[in-house]
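Dear colleague,

My notes on the backbone follow it.

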Amino acid sequence: MATLLLSAAGAAIGSGFGGTVLGLSGAVIGRAVGATIGQAIDRRIFDQRVIGAGSEAVDQGRIDRLRVMTASEGTPIARLWGRQRVAGQVIWSTRFLETVETTTVGTSGGGKGRPASPTQTINSYSYSISLAVALCEGPILRVGRIWADGNEISPDSLNLRVYTGTPTQLPDPRIEAVEGAGNVPAYRGIAYVVIEDMGLAPFGNRVPQLSFEVIRPAQNSEYPDFSQIIPGVAMIPGTGEYALATTPVHYVYGPANRRTANKNTISGQTDFVTALQDLSAELPNSQSVALVVSWFGDDLRCANCTLRPKVEQNQFDGAAMPWMVSGLSRANALGVARLNNRPVYGGTPTDQSVIEAIKALKSAGNAVTFYPFILMDQLAGNGLPDPYGGSEQAALPWRGRITGNLAPSMAGSHDATAQATADLDAFFGTASPSQFSHNSVGVSYSGPNQWRYRRFILHYAHLCAAAGGVESFCIGSELRGITQLRGANHSFPAVTRLRTLAAEVRAILGPNCKISYAADWSEYFGYHIENNVYFHLDPLWGDSNIDYIGIDNYMPLADWRDGNDHVDAHFGSLYNLDYLRGNIAGGEGFDWFYASPEGEAAQQRQPIVDGDWGEEWVFRYKDLRGWWQNFHHNRINGVRAAAPTAWMPASKPFRFTEYGCAAIDKGANQPNKFLDPKSSESGAPKYSNDRRDDLMQLAYYQAMYLHWTDPAQNPVSAVYGGMMLDFSKSHAWAW
């Protein structure tokens, strides 16, 4: 120690003299003098003894006492919910175990004309300890990440046992081995960890300050928690060039200069594998996954809109897995829009990674729904004509806003004309199934260089086939502005083209794959415009190649306001599950509606009635049962058609291809709202204070689970023998 201190002091003193001596600076000379004096002092302080002629022993890394994390009597037991980082309390530890490793360097033998050299014996000391750390009240779901002195470490690097705090857990065997059988409590009701033989060398031969990420579901004596109520998830973000790969991939920038593309956790595994393991641990009842994969649209006018796979950058490719999507290489791909010199989204997942993800999901026991997704990436200042009448198209808009040259409500719109059909033909394009082929490693395409909707869907149908198939395939999602665009004579050309795609996907993926379209919750049941009631999607829902009615369900479950003087205040709390459950098939969109913003502000609720035909379910978007169990009759100019549509009552189930609620104050008022400063769609739910609220999200999912698993609310079809809603294949947004 004196060597180090006096060496530094000598350098400081010597540097003050300036100049050089024999080419050496004053600082260097000062450092050498200080080190020499310090070494002599060190020899006296540490009493290094000579062992044999010309030999000395050096002790490395030995400590004379051990500082352990604070363990205080009477400390309250923490109670937490959700995902929290906690330090915990040490409740047991062993004495530290000292291990000595002796090595000898040098030689004592001499030779002719060479004197004997000294030997040196080096004793290297290492230490380990076993300890138990109480975390919080149990039971917990699991322990996730672990930090030592603020740095994340891999749980696999520790001999770690986790006790979740169940009422029946038994004493730890290592503690019993030290303290004796019968002398060790089981700490029932307390979640704790035992770390056995933890090496202390990486932490300077001391016990580090440990903290743990604890996942504990919200506990309620009456209602189930997240681990029990989520049947499936949508796997997002749907972007990231190698986010779905199970093979590690690096970007190579030059010799000895590379960056990982898909290993960003301490687990040492790829991000997708880590996420899949976390999913299995945290949501063990989730057995269905919607795999989201995105292409990018560039215009809200359907005739002008191209759909392309895009990359984050064009210069550097992934080693061992060059980026390739639908025959397009990285060098030839367009880049995702950039904001502040950063891409606003990740790139489209490369085809090889999608195949790996599908196989990994199936190997983990998940039913896979393939979910092709459109992200619009035009930014502010795009200068594109806005079909909704704005000065330009909004930034990062919702795909459901893709429409004709002008929205149907705008003067000069092509809606309800033959030109609308031509616009939609341009959007869908001309790619045909015969222009694609696939093998076990990918898909090739031989058609024209045309980036339109049919190429998007047919490419992924072939890619799913290359991966060995999927349980379900969606031919699109939330294209509300497209499906509601009318051709001449009350026709809906996009619906006809989706039916054609369904038949072609069926031919590619075979009879066992379930095929559908994921309609927006405001779209699935019909289209009401100009005194007309169209069941415009019924030709699709009734098609023999469609197996279920897909709904992205973000219907409101509340109309809550602050204070005690609003209409629903008598329920006592927004988290009241009777209140939320009652609004799944009730409340706004079922019993009543608001006729104007002013009426909404005053909560002047207007009843939903059908005075002409007594079919209130026609106007109730929440009335799934009414829609499902009845024949449908279009009403053109207010006249109810005598013949029903192609829909046959109770002939196919619903699935919620998406459903969910943000963890935000009053999220149940508008579950479709989210916060994203980059997007024009960003916004908080009605009457929200914008604050995070995890209990709101939990209450929403509990209400949905309790309602839709109740046979009284989810009847069985006499046609196909299953429930009206296949809740087991419904996907919470998002994982």
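In what follows, a strand is a DSSP run of E with at least two residues, and strands are numbered from the N terminus. Please note also that this is a predicted model.

By that definition, aspartate 197 is found in strand S11, which covers residues 190-199. Although aspartate 197 is not a glycine, its phi is positive, at about 50°. Is this residue buried or exposed, or does it fall in between? Buried means under 20% relative accessible area and exposed means over 50%. Aspartate 197 has a relative accessibility of 42% and therefore counts as partly exposed.

Lysine 666 also has a positive phi without being a glycine; the value is about 60°. Its place is the loop between strand S37 (654-659) and helix H15 (694-708). With a relative accessibility of 2%, lysine 666 falls under the 20% cut-off, so it counts as buried.

Why do these angles deserve a mention? Most residues other than glycine have a negative phi, and most peptide bonds are trans.

Which residues do they join? One links glycine 138 to proline 139, with omega at about -5°. Proline 139 belongs to the loop between strand S7 (119-137) and strand S8 (142-148). The other joins tryptophan 733 and alanine 734, and here omega is about 10°. Alanine 734 is placed in the segment after strand S38 (732-733).

With kind regards

Definitions and conventions
Residues numbered from 1 in each chain as written. Predicted model: local features only at pLDDT ≥ 70, side-chain atom pairs only at ≥ 80, totals over all residues. Heavy atoms only, no water. Helix = DSSP H or I, 4+ residues; strand = E, 2+ residues; numbered from the N terminus. Buried < 20%, exposed > 50% of the residue type's maximum accessible area, 1.4 Å probe, protein only.
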